[in-house]
Amino acid sequence: MTAAHAISIAVTFTWLGMVVAISFLEAPLKFRAPGVTVPLGLGIGRLVFRALNVAEVVGAALLVAGLLIDGPPTRVVVAGSAAVAVLVVQLVGVRPRLTRRSDRVLAGEDVPRSHAHYVYIGLEVVKVIALLVTGILLLGV
């Protein structure tokens with residue numbers, strides 16, 4: 001096993017763990033904590049997801065570099081590329097809409113729930129699957 005291959009495996013499973021922990025545990029649970037209002041939860045969420053997204057971009061860059069250096073089979077590249085592509089769609093296509101909505105809520109406006117939030121969650125599910133498949137395929141190479 002090359003260093004690039006080992007790093008690709010580590011990055012993939014670390015990224016997967018971060019997404020599961022933040023998106024599917026922390027995010028929904030914070031609103032159930034006593035005393036957490038919607039504006040407070042949104043403020044915390046923005047900070048947490050901004051940090052997560054920075055870590056994801058670093059992870060994606062490391063994964064791409066590892067795959068380029070190691071040259072794994074096409075199926076590994078396709079699975080890893082799917083995870084990276086989903087991240088790009090989230091950051092460029094969905095996050096700005098969510099940020100505009102949370103800006104309005106934090107400014108005191110009463111706004112309806114955003115369908116973009118459901119799109120983001122759906123993309124998180126796809127990304128988790130892509131990362132899991134990538135990691136499993138990397139372990140098998």
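1. A pocket here is an open set of points, on a 1 Å grid over the protein atoms alone, with protein on both sides within 12 Å along at least five of seven lines; a residue lines it if it has an atom within 4 Å of a point. Grid points are joined across faces, edges and corners, and a volume is the space filled by probe spheres set on the points.

2. The model is predicted: local features need pLDDT of at least 70 and side-chain atom pairs count only at pLDDT 80 or more, while totals for chains, interfaces and linings use all residues. Residues are numbered from 1 along each chain as its sequence is written, and side-chain values use heavy atoms, with hydrogens and water left out.

3. The protein chain has four helices and zero strands, where helices are DSSP runs of H or I of at least four residues and strands are runs of E of at least two, numbered from the N terminus. The order from the N terminus is α-α-α-α. The C-alpha trace spans about 55 × 30 × 20 Å along its principal axes. Of the 141 residues, 36% are buried (under 20% relative accessible area; exposed is over 50%, partly exposed in between; 1.4 Å probe, protein chains only).

4. The largest pocket has a volume of about 670 Å³. It is lined by 23 residues, and F31, L42, F49, L98 and H117 are the closest to its centre. Helices α1, α2 (38–70), α3 (74–106) and α4 each supply at least two lining residues; α2 gives the most, with six. The lining holds 10 nonpolar, seven polar and six charged residues (nonpolar: Ala, Val, Leu, Ile, Met, Phe, Trp, Tyr, Cys and Pro; charged: Asp, Glu, Lys and Arg; polar: the others, Gly among them).

5. V20, F24, Y118, I121, V125, I129 and V133 make a nonpolar surface patch of about 550 Å². Patch residues have over 30% relative accessible area and no salt bridge, with nonpolar side chains (Val, Leu, Ile, Met, Phe, Trp, Tyr) joined within 5 Å and like charges within 9 Å. Areas come from the Shrake-Rupley method with a 1.4 Å probe, and for residues only the protein chains shown count as cover; a salt bridge is a side-chain nitrogen of Lys or Arg within 4 Å of a carboxyl oxygen of Asp or Glu. Both α1 (3–30) and α4 (115–140) supply at least two patch residues, and the largest share, five residues, comes from α4.

6. Two residues of α4 may be looked at individually. I129 lies in α4 and is partly exposed, at 48% relative accessible area. V126 is also in helix α4 and counts as partly exposed at 41%. V126 and V88 are 38 residues apart in sequence and 13 Å apart in space, C-alpha to C-alpha.

Terms used: 1 Å grid on protein atoms, 1.4 Å probe; cavity = no way out; pocket = protein on both sides within 12 Å on 5 of 7 lines; lining within 4 Å.
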